[in-house]
Amino acid sequence: QVSLVESGGGLVQAGGSLRLSCKASRSLRGYNILGWYRQPPGQQRVLVVEMTRDGNTYYGEVVKDRFTVSKDNAQDDTFYLQMINLKPEDTAVYYCGASVWNSMAGGHWGQGTQVTVSS
């Protein structure tokens, strides 16, 4: 079992940037999926980006070219989401997730961090 903790959320003006961090309770080496997801107010949780162990990265269309996922080169228990040119519609609770399977079904989730973008 692994626990995940997100940090770095907050209030930012439109056009601004934030970097979210996801820190795990142990090494994430060997996990098939590391990802970020978001749940806007009153909506379902959706994909922001997923990294797979074989090196592929899949971005949701609404964030492509503005958000970048990366791993910490020094620590294998942390990964990040760099967000630039934030828009009010990016307002959501952002969750990180990790799964040893080929999908997030049965995977592990953080508790979420709120990102609010003001216009």
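**Disulfide, fold and surface of the predicted chain**

Cys22 is buried, at a relative accessible area of 0%, where buried denotes under 20% relative accessible area, exposed over 50%, and partly exposed the range in between (1.4 Å probe, protein chains only). Cys96 is likewise buried, its relative accessible area being 0%. The structure is a predicted model, in which local features need pLDDT of at least 70 and side-chain atom pairs count only at pLDDT 80 or more, whereas totals for chains, interfaces and linings use all residues. Residues are numbered from 1 along each chain as its sequence is written, and side-chain values use heavy atoms, with hydrogens and water left out.

The two cysteines form a disulfide, with an S to S distance of 2.1 Å; a disulfide is defined as a pair of cysteine sulfur atoms within 2.5 Å. The pair links distant parts of the chain, since Cys22 lies in strand 3 (residues 18–24) and Cys96 in strand 9, 74 residues apart. The torsion about the S-S bond of Cys22 and Cys96 is about 65°, and the disulfide is therefore right-handed. By the distance rule, the count for the model is 1 disulfide.

With regard to secondary structure, the chain contains 11 strands and 0 helices. These elements are DSSP runs numbered from the N terminus (helices: H or I, at least four residues; strands: E, at least two). The phi angle of Asn85 is near 45°, a positive value in a residue other than glycine. Most residues other than glycine have a negative phi. Asn85 counts as partly exposed because its relative accessibility is 40%.

The overall dimensions were also computed. For 119 residues, a compact globule would have a radius of gyration near 14 Å, and the 13 Å of the chain agrees with this. The radius is taken over C-alpha atoms, and the globule rule is 2.2 Å times the number of residues to the power 0.38. The C-alpha trace spans about 40 × 30 × 25 Å along its principal axes. Of the 119 residues, 46% count as buried. Among contacts (heavy atoms within 4.5 Å) with a separation of 6 or more, 55% are accounted for by residues 24 or more positions apart.
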